[in-house]
Amino acid sequence: MREEDAILLECLEDVYHTFETALKKAQKVRSIHVRKFERLFDELLSERRVFEDISIPARLIVEQLLESQFKVGQVALEAEYLRQPFTGVKSVKVEEFGMIRVKLGDVEISWRDGNYSYYFYPDKVELRATDEKSAIKLFFSIAFNRQTLERFPEILTSPKVVYIHPQLEKWIRGVL
């Protein structure tokens with residue numbers, strides 16, 4: 001685990017434990033705000049799972065989706081008979097057992113990290129089921145950037161990555 005990841009995870013742990021204590025106190029109160037606190041607690045769990053429960057390639061995808069969400073980028077989707085044109089990212093969650101759930105506009109898609117291999121291109125990623133019977137393609141209006149990719153050198157040796165576009169590979173290796 002990288003140093004910056006350890007720091008972020010430690011911060012999440014601090015917030016998690018403080019929030020857990022506060023939520024126990026709030027359980028005595030009958031209020032809709034307690035329900036909102038529970039949702040926030042679930043979001044904290046999701047953030048922890050980004051660091052603890054998913055592979056490096058899946059984490060890169062999650063971070064790219066979050067970049068699109070916070071920089072007002074858009075993502076399009078193709079999955080079997082489903083097509084979603086470019087739209088905003090409404091939410092990205094990592095649930096138990098490496099289940100990644102993404103809401104794009106009104107469409108929600110999910111996949112289990114352990115069941116997929118990854119193909120990376122400058123402005124898209126393809127997720128293929130290990131049995132090759134299904135695939136998900138995510139197209140990004142904000143392409144992968146050099147700064148993000150350089151933070152994930154482990155992706156080059158990940159057994160879950162089948163293909164990396166040569167330009168992305170150069171950036172990961174730090175080659176101009």
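This is a short walk through one predicted model, from its sheet to the helix packed on it and then the salt bridges.

Okay, ground rules before the pictures. Since the model is predicted, local features need pLDDT of at least 70 and side-chain atom pairs count only at pLDDT 80 or more, while totals for chains, interfaces and linings use all residues. Residues are numbered from 1 along each chain as its sequence is written, and side-chain values use heavy atoms, with hydrogens and water left out.

Let's start with the sheet. It's an open one, 8 strands with mixed pairing, in the order S4-S3-S2-S1-S7-S6-S5-S8. When I say strand or helix, I mean DSSP runs numbered from the N terminus: E with at least two residues for strands, H or I with at least four for helices. Two strands pair if DSSP finds at least two bridges between them. At the edges sit S4 (107–112) and S8 (161–164), each pairing on one side only. From one strand to the next, the twist averages 30°. Angles here run from 0 to 180 degrees between N-to-C directions, and axes are lines fitted to C-alpha atoms, for helices over the stretch in contact.

Now, who pairs with whom? S1 (residues 74–79) runs antiparallel to S7 (residues 135–140), with 5 bridges joining them. Tyrosine 116 has alanine 129 in S6 as its bridge partner. S5 also pairs with S8, this time in the parallel sense, over 3 bridges; there, tyrosine 119 stands opposite tyrosine 163 in S8.

Is S5 enclosed or open? With 5 of its 6 residues buried, S5 is largely enclosed by the rest of the structure. Buried, by the way, means under 20% relative accessible area, exposed means over 50%, and partly exposed is in between, using a 1.4 Å probe and protein chains only.

Next up, helix H3, residues 56–70. H3 packs on the sheet and touches S1, S2 (82–95), S3 (99–104), S4, S5 (116–121), S6 (124–129), S7 and S8, and its direction makes about 115° with that of S2. Contact here is heavy atoms within 4.5 Å.

Glutamine 64 is buried because its relative accessibility is 2%. Leaving out residues up to four places away in sequence, glutamine 64 touches Phe140, Ile142, Ala143 and Phe144. A polar atom of its side chain lies 3.5 Å from the backbone oxygen of alanine 143. Then there's serine 68, also in H3 and buried at a relative accessible area of 1%.

What about the nonpolar core? That's a set of buried Ala, Val, Leu, Ile, Met, Phe, Trp, Tyr and Cys residues joined through side-chain atoms within 4.5 Å. The largest one has 40 residues, and Trp111, Phe120, Ile136 and Leu138 touch the most other members. H3 gives this core its largest share, 5 residues. Setting aside neighbours within four places in sequence, tryptophan 111 has contacts including Ile61, Met99, Tyr116, Leu127, Ile136 and Leu138.

Last topic, charges. How many salt bridges does the structure hold? There are 15, where a salt bridge is a side-chain nitrogen of Lys or Arg within 4 Å of a carboxyl oxygen of Asp or Glu. Arginine 59 and aspartate 5 meet in one at 2.8 Å, N to O. Arginine 59 is in H3 and aspartate 5 in helix H1 (residues 3–26), so this pair ties together parts 54 residues apart in sequence. Arginine 59 is buried at 4%, and aspartate 5 counts as buried at 4% too. Both belong to a network of salt bridges linking Glu4, Asp5, Arg59, Glu63 and Arg151.

For a local example, take arginine 48 and glutamate 52, with closest N and O atoms 3.7 Å apart. Both lie in helix H2 (residues 32–52), 4 residues apart, about one turn of the helix. Arginine 48 is buried at 17%, whereas glutamate 52 is partly exposed at 39%. One more: the side chains of glutamate 67 and lysine 71 meet at 3.0 Å, N to O, and glutamate 67 is partly exposed at 27%.

Conventions:
Polar contact = N/O pair within 3.5 Å; in protein donor to acceptor, adjacent residues only side chain to side chain.
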